[in-house]
Amino acid sequence: MPTTFAVRIIQVHVARREHSSGVWRFLTLRRSPEETVFPNIWQVVTGSIEDGETPQQTAFRELQEESGLMAESLWVLPFVGNYFDTTRNILNFVPCFGAIVEENAEVILSHEHSDYAWLTKEELQSRLVIPSHKEACEHFYHSILLPIEQGETPVFVSVLNDATK
């Protein structure tokens, strides 16, 4: 059976900025112990692309479904994760997005997750276990959040919510 290539999953890296300190905090979600794939690990928002849906639409939908959050801003990150699914013989490419949410936005977890935390970038890097989550976080910070901190406009594409189209 030949190896195939697919884009089936997305990642959304979520940040909020503390107005008092200026520190960026990143959302991490703990997968429920009942999940069959990666139970109990800490991860970023991820999700499967549904039929007829674009990766951008999936990013907005999964952010809302898994965390109850709505993005103020969403960017396509200059990084694509990947992993090999040995059971299906598929090399998966994972588009990555970065979202900024309001500082006081309330997180409402789905059944897929049992806990969440808002962490500094350093704390997040030590808690995440999936390499592409760690790498994409660095791209989010350096390509999007750092320019914003410095009063610059990120050069990468921001995405409008076209989920209703």
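The expected span of a helix is 1.5 Å times one less than its number of residues. Keep that rule in hand as you meet this predicted model, because helix H3, with 19 residues (residues 131–149), should then span 27 Å, and its end C-alpha atoms are 26 Å apart, which agrees.

**Helix H3**

- H3 has a kink of about 35°, and the kink is centred on Tyr-141.
- Several residues of H3 are buried, including Ser-132, His-133, Ala-136 and Cys-137.
- Further along, the buried residues of H3 include Phe-140, Tyr-141, Ser-143, Ile-144, Leu-145 and Pro-147.
- After H3 comes Gly-151, which has a positive phi, near 75°.

**Aromatic pairs**

- A pair of aromatic rings is described by two things, the distance of the centres and the angle of the planes.
- You will find 2 aromatic pairs in the structure.
- Phe-5 and Phe-93 form a stacked pair, because their ring planes are at 20°, with the centres 6.1 Å apart.
- This pair links distant parts of the chain: Phe-5 belongs to strand S1 (residues 4–6) and Phe-93 to strand S7 (residues 90–100), 88 residues apart.
- Phe-5 counts as exposed, at 58% relative accessibility, while Phe-93 counts as partly exposed, at 31%.
- Phe-26 and Phe-140 form an edge-to-face pair, because their ring planes are at 80°, with the centres 6.2 Å apart.
- Phe-26 lies in strand S3 (residues 24–31) and Phe-140 in helix H3, so this pair ties together parts that are 114 residues apart in sequence.
- Both Phe-26 and Phe-140 are buried.

**Charges over rings**

- Tyr-141, where the kink of H3 is centred, has the charged end of Lys-121 over its ring, 5.1 Å from the ring centre.
- Trp-42 has the charged end of Arg-127 over its ring, 4.5 Å from the ring centre.

**Cysteines**

- Searching the whole structure turns up 0 disulfides.
- Cys-96 is in no disulfide, and its nearest cysteine sulfur, in Cys-137, is 11 Å away.
- A disulfide needs two cysteine sulfur atoms within 2.5 Å, so the 11 Å from the sulfur of Cys-137 to the closest one, in Cys-96, is too far for a bond.
- Cys-96 counts as buried because its relative accessibility is 2%.
- Cys-137 counts as buried too, because its relative accessibility is 1%.

Methods. Residues are numbered from 1 along each chain as its sequence is written. This is a predicted model: local features need pLDDT of at least 70, side-chain atom pairs count only at pLDDT 80 or more; totals for chains, interfaces and linings use all residues. Side-chain values use heavy atoms; hydrogens and water are left out. Buried means under 20% relative accessible area, exposed over 50%, partly exposed in between (1.4 Å probe, protein chains only). Helices (H or I, at least four residues) and strands (E, at least two) are DSSP runs, numbered from the N terminus. The bend at a residue is the angle between axes fitted to the seven residues ending there and the seven starting there. Rings of Phe, Tyr and Trp (its six-membered ring) pair if their centres lie within 6.5 Å; planes under 30 degrees apart count as stacked, over 60 as edge-to-face and the rest as tilted. A charge sits over a ring if NZ of Lys or CZ of Arg is within 6 Å of the ring centre and within 35 degrees of the ring normal.
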